[in-house]
Amino acid sequence: MERAEIETIAHLARLELRESEIPAYLESLSRILELVGELNRADTSAVAPMAHPLPGLSQMLRADEVTERNDRERYQSNAPQVEAGLYLVPKVIE
Amino acid sequence: MSDRNWETVIGLEIHAQLATRSKIFSGSPTTYGASPNTQADLVDLGYPGVLPVLNGAAVRMAVKFGLAIGARVAPQSIFARKNYFYPDLPKGYQISQYELPIVVGGALDILLDDGAVKRIGITRAHLEEDAGKSLHEGLAGSSGIDLNRAGTPLLEIVSEPQLRSAKEAVAYMKKVHTLVRYLEICDGNMQEGSFRCDANVSVRPQGAQQLGTRTEIKNVNSFRFVEKAIQYEVGRQIEVLESGGRIVQETRLYDPDRGETRSMRTKEEANDYRYFPDPDLLPLVLAPSFIDEVRASLPELPDAKAQRFVAHYGLTPYDAGVLTASRELAAYYEEVVRHAPGEPIAAAHWVTGELAAALNRDSLDVTDNPLPPARLAGLLARMADATISGKLAKEVFEAMWASGREADAIIEEKGLKQITDAAAIGRIIEEVMAKNPAQLADYRAGKDKLFGFFVGQVMKASRGKANPAQVNELLKTKLSS
Amino acid sequence: MAALIQKTLAELAAGLRGKQFSSVELARGLLERIEAAQPKLNALITVTRDAALAAAAAADRDIGAGRGGPLTGIPLIHKDIFCTEGVRTSCGSRMLDNFIAPYDATVVARLRSAGMVMLGKANMDEFAMGSSNETSFYGPVRNPWDARLVPGGSSGGSAAAVAARLAPVATATDTGGSIRQPAALCGVTGVKPTYGRVSRYGMIAFASSLDQGGIITASAEDAALVLRAMAGFDPRDSTSVDRPVPDYTAALGRSLAGLKVGLLEEFFDKGLDADNERQIRAALGVFAGLGASLREVSLPSIPLSVPAYYVVAPAECSSNLARYDGVRFGYRCREPRDLLDLYRRTRGEGFGAEVKRRIMTGTYVLSTGYYDAYYLKAQKVRRLIANDFERAFRDVDVIMGPTTPTPAFEIGAKTADPITMYLNDIYTIGANLAGLPALSIPCGFVGKLPVGLQIIGPHFAEERLLTAAHAFQRETDWHRRIPPGYE
């Protein structure tokens, strides 16, 4: 893996990496990709990908009912910054 | 507006909020306008450990739409995660559908200005969850996030890029708007954001096969703005290309105050959404019996209803189209005709004319109509039996609208009954002739134009109640003798 | 207390009903043991002393009134990955160090209504990512058998607590081996049920298609009792399976005569420590003596399970952990300059190195241009592995073998290269990819360190696994051994 790639990935994932850490991440990610590269040994031409471990199951449907009541105060007690019931973030310019 | 050398290519992506009681993946209510974050539960807030469970009504609504546009309803469709970071997206991903959407293909016919019908293909429609809202004003350097809307079910409807002008785009958008309200899957309220439209616009030289670079105009939320935004953008692109420039593929916003589109400060940048099937949701499998059951529950669709109106009531396609633009208006019309079976065309004119104008003026929906169908039918009957003239009928209509009383009562009270007694009309004519000897002499001398003057005077003298046809006939006789 | 910590759950329940001791006494005694052990083992992140004693008192009242069931008044510890209402739920991370869960996970609610008494939250690898409990924000957990060594992970705190008899039961989760591997290294019984058997609602997600909630106890008999109360369909979890939960205790006494046991040739490879293998083979001999027939089976794709896992799990976790952004809960960096800074620094500071590594790996394998080669490929290999298991289970009833390649290793020994750490899961990952139930039971010692025997079954064969494990535990007493200093 290249340094530029790590920076792109870290940006996509919104992770700030300290300059001093980058070589170590480069090294370990390269090693992981090496490990994962072994997958190419497998002949998978005859199989479909498996997204769920249990075969033949399908999504259940929920009745269209309101089951939740307003609990804003309790939930917002966990929030870092709240004003007038809104979650605050640094100003976003659109 | 289309330069003759250039062809405009437009595709529309419409997001219709589905009219379910609860959200697509949680049991929170979906009502509009609640105080911030009072309709956002743990699932909507993306708390650690929560999981989505799919609302069956949203599925049903999507299937209804697919069947109504003649699309293929996928027996198996998959929910996928669209991953990106934005404060109004609590989980850091949106649950949507990607490779296997619930509805594929389909088409809608639109009526062009010249009366021709054009079929617009629909690529796909899929289910997804809505994001929350950000407020940027009045918070001193911060933005405030309201997640009430997060998790509201959306049906994203993607058209093929087959629209060739702003007008076509509006016609298509209106058609979709009508259809989703007919199906009762969306209330179509653009001010509240339940029906949103993004337009993909490009131009290419006439006759060219390849598509030009397109721009996306986001969130244009009225028919008028869609038309203006597209017109502006097409003009802008042509200007750029003709002066040797290139179109940048980007997202643009329409500014209604300036009447122009401008580039959005890239909210998404070079976003790689890294779609993959959502492991918290299983494949959505729809049994043929379920699809059949939904098909059986479809109402008469707008096109079929319009065709029936043309065939059954003898209306023009245009009038039929106007009447069937809303299911409620069409139902009202048919009720009026039921009470006045001999007057389908008059009924059509009054419903699309006076009634529509009055509803618009008072900002009422046809469902809040103060004039029950039977009462309007009563007025039509009085016109048909010549009790009152067309002109006076308008006055009666206004009085009925305002007072809630029957036509007959108003006609009686105001003494508006049409005068049809030949003798009575004859007396009025003779009075008018006596009062205007000069004009009489001029007319008899050959000034035919004065006929209109005498008609006017007779109508005035009779306070508009004299039957115009009889006035014409009797005047001719008396003036000439 | 020394006598109490040797009792099975059934014996504890009988003792409570017979008023030989009260739930409050039991809880108090264990809380003292926890306090004493904490500086040495660091097995718990949060101790909920007052709530525990209140719950114990309520349980005593219920028992006194003749109400309650087989688990009323029995103490337990919850892995700090399960949301517990009103109590900090940290997931072993700085990101959630200040997070007080506003709701109970379904597992927590079910065990609470069964009358169990929560003593606290167990330490764990950060966001369940690890095989040694060394990535926790709260410091490593130590193995009660030898404090220089790791207990295994990610449910290291749960395994260490049960091994040291700080509680008879600890909930845990298993994504690539995180119940079975620490159970093996700590000499206790750990059960990972079939995918979808236990609700994931309230169980903080790492890799959604692999995560499963389970249990660590001193015996299969105890596990059967608790699993019965934990398992079952949950309408809040779309991936939970609507299938009745049998009484797992009912089948326990059954004979193993005729049980067909498969031995994976791929697991008895050069990676397996020779001493470990000796203990495993001896244990297999016990099964043969109980009437089971042993034969070799092969799962040719199983060597690819580690590579497949290290694509699928990071991919899912990179998405699952995107919600940790400092906006609605959890850690937020100080004085963010703008939105980008808020995200980058909150996540850069809130997550540890292993978590960041996996998020980046996951982001990479899902990105444009790499999705087919990595993610799609891994999901196809996953199906190959699942097919291999399915084929094998046509010929055998269960598969047995080692849980780990070696006994517990030194703290810090494998942290330099993530791959060496990942290879600890080499025998356990396959069951997660295929969604199969699997457990680990102590089957011997290498020197002073426990060795675990793994038993894997087809979907929903928990009864079969527990029966086999119980039969072994009636013939042997490995599971009754207590680490020196904790008797």
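Me: What separation do the centres of domain 1 and domain 2 of chain C have?
Reply: The centres, taken over C-alpha atoms, are 27 Å apart. This is a predicted model: local features need pLDDT of at least 70, side-chain atom pairs count only at pLDDT 80 or more, and totals for chains, interfaces and linings use all residues. Residues are numbered from 1 along each chain as its sequence is written, while chains are lettered from A and ligands numbered from 1 in the order in which they are written.

Me: What makes these stretches domains of chain C?
Reply: Domain bounds come from an automatic or database domain assignment. For chain C that assignment gives domain 1 as 4-260 + 396-480. Domain 2 is 303-378.

Me: How do you know that domain 1 and domain 2 of chain C are in contact?
Reply: Two residues are in contact if their C-beta atoms, placed from the backbone, lie within 7 Å. The contact takes 29 residues from domain 1 of chain C and 22 from domain 2 of chain C. On the domain 1 side, helix H13 (418-422) and helix H14 (429-434) of chain C each give two or more residues. Helices (H or I, at least four residues) and strands (E, at least two) are DSSP runs, numbered from the N terminus.

Me: What classes of residue make up the side of domain 1 of chain C that touches domain 2 of chain C?
Reply: That side has 16 nonpolar, 9 polar and 4 charged residues. Ala, Val, Leu, Ile, Met, Phe, Trp, Tyr, Cys and Pro count as nonpolar, Asp, Glu, Lys and Arg as charged, and the others, Gly among them, as polar.

Me: Why is chain C called as compact as a globular protein of its length?
Reply: The globule rule is 2.2 Å times the number of residues to the power 0.38, and the radius of gyration is taken over C-alpha atoms. For 487 residues the rule gives 23 Å; chain C has 21 Å, which is close, so chain C is as compact as a globular protein of that length. Along its principal axes the C-alpha trace of chain C spans about 65 × 55 × 45 Å.

Me: What share of chain C counts as buried?
Reply: Of its 487 residues, 66% do. Buried needs 20 or more other C-beta atoms within 10 Å of the residue's own; exposed means 12 or fewer, and partly exposed lies in between, with C-beta atoms placed from the backbone.

Me: Which element of chain A gives the most to the side that touches chain C?
Reply: H2(A) does, with 7 residues. In total, 38 residues of chain A are in contact with 56 residues of chain C. The chain A side has 28 nonpolar, 5 polar and 5 charged residues.

Me: How do you know that S3(A) and S11(B) pair?
Reply: Two strands pair if DSSP finds at least two bridges between them. Here 4 bridges join S3(A) to S11(B), so the two strands pair, and they run antiparallel. Pro90(A) stands opposite Ser142(B) in S11(B).

Me: Which element of chain B gives the most to the side that touches chain A?
Reply: S11(B), with 5 residues. Across this interface, 43 residues of chain B are in contact with 30 residues of chain A.
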